[in-house]
Amino acid sequence: MYNPSHGSPLSREFYPEFAGADLKPVFTSKRLIRSKTVTSYVSAAALALFASLVAYACWRLGTLPDLFPRFALQPATGATFAVLTAAPIAAAVLAAYSISIGLSLNRFGLRRVGSYVLLGIALACSLSLVAAHFLGVELLAVPLLLSGGLTILLVQVGRLWRVDRSLTRTLFISPNGAAQQSADANTRLMSGLKLLNTMLPLNEAIVFQCIDGSFEAVARLKGSAQSASDTKRNSVWREGLRLCEQAVATGQLIGGPSTVAVPLLHEREAAGALLIRLVSEFSADDKPLLEAIGSQFARNLKRESFSHNPARSQSLAYFSQSANQRKLDALNVLKAVTVEQRCEASTLGHIEDGVAIAYLDGTLALINPILLNFAGLTSEKARTLDLFGLLDHFRTDVFDEPQIAVRRVLQTGIEYEGEIKFDQKNQILNLRLSLLRDPYTEANDPIGIAVCVRDLTRTKEYEKLKSDMISLMSHELRTPLTSINGFAELLTADDTIPASAREFVTIIANESQRMSRMINTFLAVTQLERKDKQEVLKIPLRLDEVVRETISAMQPFAKKKRIRLIEQPASRIPPVAADKSLITQAVKNLVNNAIRYSPERTTVTVSTALEAEAVRVCVEDRGYGIPAEAKERVWDKFYRVVREGQEKDEESTGLGLSFVREVVEQHGGEVALHSEEGRGSKFSFTLPRL
């Protein structure tokens, strides 16, 4: 149960073990981002430096035009001219100017700093004008213009080139792309043709793929029936190709009475054509079917063509027309995958459980109608909700803080599951929250959260009805059995009846007593298995005392079987929280089985021991042992071990060990068995200590 006093689900102080769980991925991503940032700055600075060198070289070679005519300038002194036009100073000015522009563009982008860059260039030119007027020297005005313009061009092209490289890597090296390459298109095409053959009376079906303007047959299926036209294969082939060309050119289904060509279109682009020849005449009612199957064939061909077209060097892909066309092909393949994913998502509307899928930002991606019905929502209302808004409609006394449940699922990856009972609607639901992971990544990165809701109302009713009927029938059987047993005992005590009749009456009495024991044990097991059972009465209980009392009670039975029953005591056994009557009965069942299935003059040892945080009770015998194939089944109801050469034990009900397991598991413990055939068995169970 989630308590509001736990505080905000965003607070880490309540779950300190997860406080630093996400630091390492964050630091790793920061290092990657920092590395990419440094590389981009170095690249921008290098391009800017190259632009300044080009401008400097053109200026020194005198290939740049003068901004002012020589006669318009005031004559300058030789010293002034030498200082202001010195090569190192000019080169340094151009380099610093270009690098500052390049780094600014790389940091903020052309849209944000474009106006400031132009203002800087204008300011630099204005200073040149002032220097030209007062000093009589034209100070690098044209080289500054050339260097600034070339820097803007190169840095912007570099930024676009890096974006294009990133896009290319995403398209061609993505996990989904790798997964699609593994698909065999030919197998899928043949599967589709076989499906088509079950719905239409096909004589022949051929899938053609468009390759460089020509048709190439990639899949073919021949029907069971062959028509007379098969004797004229060449003419039929030419006619079929002509129909395929028309279908691809028009984008429409083309055909005659028994021959039909279907264009295989994806995103309005023809990937090929499907040519079918029918045994009977073509019906217009089959057109939607052929168009739907044709769209699927087109997606298969697009994926196959893309996967078999190897990616070339990405260095100059930004300037390559074929490379950019390949990117368009990759986007078309992704669109094809998206269409098929919509097909997968639509299946959620046809299952009996309520299902919703949410992204990691809480946005709901899918909700099927069953879940909307459970939550009492309409489709319009659900569009305005996020994950927590949806879970709020399932709040109860048990599930009162959905935020904490979602948080634990995200932090640990362990799904949350619980039963929610709505008394007003007389409804019991099973709610499960699971973390969805990407199977195509090595780390199985989380990608979403799934909400699954199942209606358990009818199941619970059936379980209760079954349990009640079993209890009723068992109780009703007790009355006649009591009468049979009582009268049988009276007849046994009557000395006037013959000896042969006395033997039969004794058998009746024994069998009725055995049936009574079976009913009592069966009722106890059924009561424990009921899902709506009340909690057992747990009190502090010392298991060594229970063992001692059980041994005292079972000693007469052991002596009758000539079995030595002993206790192996242990000191300082802590108490456990348990129901004394149930635990005592469980220990009695184990001791009873050990005595019953042990040879005479052997020993049965009952011991208690402290193991870490649990107390173990062990019953060890030197009996017949249990075969390996029966060790797992001995805990099942009504199962009895059949030993070769031994008579069937008529007194055994096959419910004793099942009762032990149900009792122990309800107390939070575990049962165990170690046995070797012919050398004895060791049955034990553990209960958590207080």
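**Entry 1: Val 409**

I started at Val 409, which lies in helix α14, residues 402-412. Helices here are DSSP runs of H or I with at least four residues, strands are E runs of at least two, and both are numbered from the N terminus. The model is predicted, so local features need pLDDT of at least 70 and side-chain atom pairs count only at pLDDT 80 or more, while totals for chains, interfaces and linings use all residues. Residues are numbered from 1 along each chain as its sequence is written, and side-chain values use heavy atoms, with hydrogens and water left out.

Is Val 409 buried or exposed? I found Val 409 buried, at a relative accessible area of 1%. Buried means under 20%, exposed over 50%, and partly exposed in between, with a 1.4 Å probe and protein chains only.

I then listed the contacts of Val 409 (heavy atoms within 4.5 Å). Neighbours within four places in sequence aside, they are Ile 414, Glu 415, Tyr 416, Leu 433, Ser 434 and Leu 435. Ser 434 is 25 residues away along the chain, yet its C-alpha atom is 6.8 Å from that of Val 409.

Next I followed strand β8, residues 416-422. Its side chains alternate. Tyr 416, Gly 418, Ile 420 and Phe 422 point to one face and are buried.

β8 runs antiparallel to β9, residues 427-437, and seven bridges join them. Strands pair if DSSP finds at least two bridges between them. Gly 418 stands opposite Leu 431 in β9. The hairpin has four residues between the strands, and Asn 426 takes a positive phi near 50 degrees there.

**Entry 2: the largest core**

I looked up the nonpolar cores: sets of buried Ala, Val, Leu, Ile, Met, Phe, Trp, Tyr and Cys residues joined through side-chain atoms within 4.5 Å. The largest has 38 residues, and Leu 543, Leu 565 and Ile 595 are among those with the most contacts inside it. Helix α18 (580-596) is one of the elements that supply at least two residues. α18 gives the largest share, eight residues. Another core, of 28 residues, lies apart from it and includes Ile 420 and Leu 431.

**Entry 3: α18 against α19**

How do α18 and α19 pack, and at what angle? I read about 145 degrees, with the axes 9 Å apart. Axes are lines fitted to C-alpha atoms, for helices over the stretch in contact, and angles run from 0 to 180 degrees between N-to-C directions. Ile 583 and Leu 590 are among the α18 residues at this contact, and Phe 659 and Val 663 are among those of α19.
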